[in-house]
Amino acid sequence: MMAEQRTQQNSPESVQNEAGPALVVEGLSFSYSGGSRVLDGLGLSLGRGEQMVLKASSGAGKSTLLHLIAGLLEPGSGRVLIDRTEIHRLKGAKRDRFRGSRVGMIFQTFNLLDGFSALENVTTAMMFSKIPKAEHDERARALLKRLGIDRHQAPPQSLSVGQQQRVAVARAMACRPSLVLADEPTASLDPENAAEAVKLIREVCAEEGAALLLVSHDPAVAIGFERVEELAAAPAGTGS
Amino acid sequence: MAMSGLKIVARSLRVRAVSTLISAFSVAVAVAMLLTLLTLSRANDRAFEAGTGNADLIVSREPSGLVSVLNTFFYAAAPVDYIDWATFERQLNSPGPRRMPPIALIGDTGWYIPVAIGDSYRGRAVLATTPEFFEKFKPRADGDGWSFAQGRPIEGAFDLVLGSDTARATGLAIGEIVHLTHGAPGPGGQLPEDAHVHTDFDFRVVGILERTGTAHDRALFSHIEGSWRMHASDLGDESARDLETPVAPQHQKVTAVLIKAGGRPGSTVTAAFAPLQSDLTRMTGLTIANPATEVRRLLRIVSNIDQVLIAMAVVILLSSGVSILLSLYNSMATRRRQIAVLRVLGASRKRIFSMVIAESAFIGLLGGLVGVVLAVVAGGLVAQALWMRVGVMLDPSLELVPVLWTLGGTVVLAVLAGLAPAAVAYRTSVAGNLRPLV
């Protein structure tokens with residue numbers, strides 16, 4: 001539905017609400033150093049546990065948007081609030097810790113760590129959180145089991161592509177995030193595995209109470225989502 | 001089990017196992033070289049300083065004092081010239097420039113003992129001397145006198161005492177008969193195949209010495225009277241075979257005389273030392289040397305070489321630090337994605353920086369520890385080789401303080417080498433390295 005950059009307006013009151021949205025994006029703009037503007041005054045809100053697909057064509061800035069939400073890039077203007085905390089106001093290690101504990105990320109190519117077992121890939125995510133160390137192993141095993149991975153000690157490259165995706169999902173959920181960002185999570189999968197992966201991601205997010213923002217160019221991914229919006233490319237020549 | 005920073009470091013090192021081991025090995029070789037040189041240099045100094053025993057002076061006809069010390073105390077080679085013993089004793093008892101004989105400076109508390117080197121047994125030097133040698137001469141400057149594992153010192157003209165290593169190597173036992181070979185072996189322990197064996201003179205083993213940790217352990221000790229009679233007989237003087245007949249003065253040859261200046265009992269410094277050395281120096285054609293001074297002179301020469309070698313080892317250690325730097329720096333190109341993922345998972349820039357530094361420090365520590373083990377092995381091998389070839393017994397055991405300093409220095413060097421790769425990791429763009437691989 002979105003042909004423009006502004007998706008949904010949120011009042012400041014909703015931001016301050018204790019049970020308010022998991023994610024609020026307000027007036028978010030971003031330009032690369034070369035001058036090309038990718039996002040221009042984007043706004044959106046995602047309630048707690050809400051699931052949403054943001055459809056976008058290639059080059060529309062969907063990865064950039066997710067990186068901005070995760071605090072990995074600095075916006076030109078606007079702000080991003082996760083659990084009522086403006087992530088870009090946090091500096092250095094504070095922002096890293098906040099991202100690690102509140103935001104789970106799922107990537108198109110999974111980005112599992114070489115040399116680490118499936119279990120270790122998941123426990124590594126908890127290493128930077130406040131989850132007690134004694135619980136790491138048990139929680140990681142439970143997540144992997146929930147996602148149908150039995151070979152916990154297997155190196156990721158020995159697993160099938162679909163299994164690797166599920167390990168990546170387990171890792172994203174490890175720290176009980178309030179927001180999961182999924183960047184083209186099915187792009188590396190065949191249609192059957194893609195549908196299964198989206199179903200699993202949605203189920204696990206619902207069970208964990210995490211909001212899900214899934215960006216994809218694939219219309220099939222959006223099937224079954226109540227909320228589907230579109231991210232259009234920023235107008236050309238609007239460099240900052 | 002929960003993950004930790006150290007586990008991530010270990011996993012990262014394991015993924016790059018070949019590069020890690022090569023870097024660690026280069027450090028190990030450098031550390032081993034440095035520690036071996038430091039240890040053997042110190043051990044060498046101690047061995048040479050202690051190996052001259054308690055003699056104040058050595059008198060010989062060698063071309064230099066240092067040569068006479070090396071030949072007499074370390075059995076480096078056979079002396080080339082002899083002292084006529086009767087003449088020497090006469091000079092010792094003749095009034096000199098002080099209107100008193102040099103022997104007066106030796107007195108009752110000092111001593112002088114003749115020694116002759118020139119024969120051997122199975123490649124091991126035989127030192128011919130008098131029974132006083134075992135009573136008054138101490139083999140180590142820093143130790144006690146001789147101690148016998150079995151038997152007794154020489155008494156009769158054809159008695160023979162074995163150094164501890166000689167007894168072990170030859171298997172000779174008390175009471176066995178030995179025929180000495182004419183000629184003393186060189187540093188390689190080799191004698192001409194046609195060397196003359198004195199088969200007509202039976203020397204009997206009467207004692208086996210305890211280990212002294214000096215070159216004497218590799219020697220045999222005969223009575224000088226037996227040596228004189230044997231060589232006199234070789235020269236056609238058959239009367240020398242008759243033990244009742246004194247050995248003719250012209251056959252009484254010695255290669256050196258060990259002298260202890262007289263002094264007050266228990267005193268190690270004596271006022272008689274300098275005038276005695278002066279008087280003896282006036283004896284025509286003799287080389288007079290203070291063994292301790294000669295050894296110090298030798299060590300000064302050797303220490304210059306040691307310093308060059310140690311400097312080279314330090315340079316090699318520094319280059320191994322460069323190896324760590326290059327290994328880690330090159331690995332950064334393939335690790336940007338891993339670093340980016342760790343950042344997404346919550347690792348701070350400082351955490352990433354410290355992990356790379358920890359990797360570097362671990363390579364340094366691993367290399368250092370392996371280097372210590374290599375140094376122990378290399379030290380033992382070098383000490384054994386020196387013992388076999390030169391007869392100098394070194395203690396190759398490592399001292400704790402240099403080991404700790406070297407290990408600490410190696411880790412610091414590795415940390416410094418890791419700074420540049422760690423800075424690269426610190427600055428790694430997260431968003432830029434999370435994009436799908438094309």
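This is a predicted model: local features need pLDDT of at least 70, side-chain atom pairs count only at pLDDT 80 or more; totals for chains, interfaces and linings use all residues.
User: How many residues of chain A are in contact with chain B?
Analyst: On the chain A side there are 29 residues, and they are in contact with 28 residues of chain B.

User: What area is buried between them?
Analyst: About 2,500 Å² is buried between chain A and chain B, and carbon and sulfur atoms give 65% of that area. The size of an interface is often given in this way, as the accessible area lost when the parts come together.

User: How many salt bridges between chain A and chain B?
Analyst: The count is 2. B:Arg343 and A:Asp96 meet through their side chains in a salt bridge, at 3.1 Å from N to O.

User: Which helices of chain A supply at least two residues to the side that touches chain B?
Analyst: Those are helix H2 (62–69), helix H3 (92–102), helix H4 (118–127) and helix H5 (133–146) of chain A. By class, that side of chain A has 11 nonpolar, 10 polar and 8 charged residues.

User: Over all chains, how many salt bridges?
Analyst: The structure holds 29. One joins the side chains of B:Glu359 and B:Arg16, at 2.5 Å from N to O.

User: Where do B:Glu359 and B:Arg16 lie?
Analyst: B:Glu359 is in helix H11 of chain B, while B:Arg16 is in the loop between helix H1 (5–15) and H2, so the pair ties together parts that are 343 residues apart in sequence.

User: Changing topic, which residues make the nonpolar surface patch?
Analyst: B:Phe25, B:Val29, B:Met33, B:Val370 and B:Leu374 make the patch, which is about 370 Å². Helix H2 (17–50) and helix H11 (349–389) of chain B each give two or more residues to the patch.

User: Which element gives the largest share?
Analyst: H2 of chain B does, with 3 residues. B:Phe25 is found in that helix.

Note on methods. Residues are numbered from 1 along each chain as its sequence is written. Chains are lettered from A and ligands numbered from 1 in the order in which they are written. Side-chain values use heavy atoms; hydrogens and water are left out. Patches are made of residues with over 30% relative accessible area and no salt bridge: like charges are joined within 9 Å, nonpolar side chains (Val, Leu, Ile, Met, Phe, Trp, Tyr) within 5 Å. Accessible areas come from the Shrake-Rupley method with a 1.4 Å probe; for residues, only the protein chains shown count as cover. A salt bridge is a side-chain nitrogen of Lys or Arg within 4 Å of a carboxyl oxygen of Asp or Glu. Helices (H or I, at least four residues) and strands (E, at least two) are DSSP runs, numbered from the N terminus. Contact means heavy atoms within 4.5 Å. Buried area is the accessible area (1.4 Å probe) that two parts lose on being put together, summed over both. Ala, Val, Leu, Ile, Met, Phe, Trp, Tyr, Cys and Pro count as nonpolar, Asp, Glu, Lys and Arg as charged, and the others, Gly among them, as polar.
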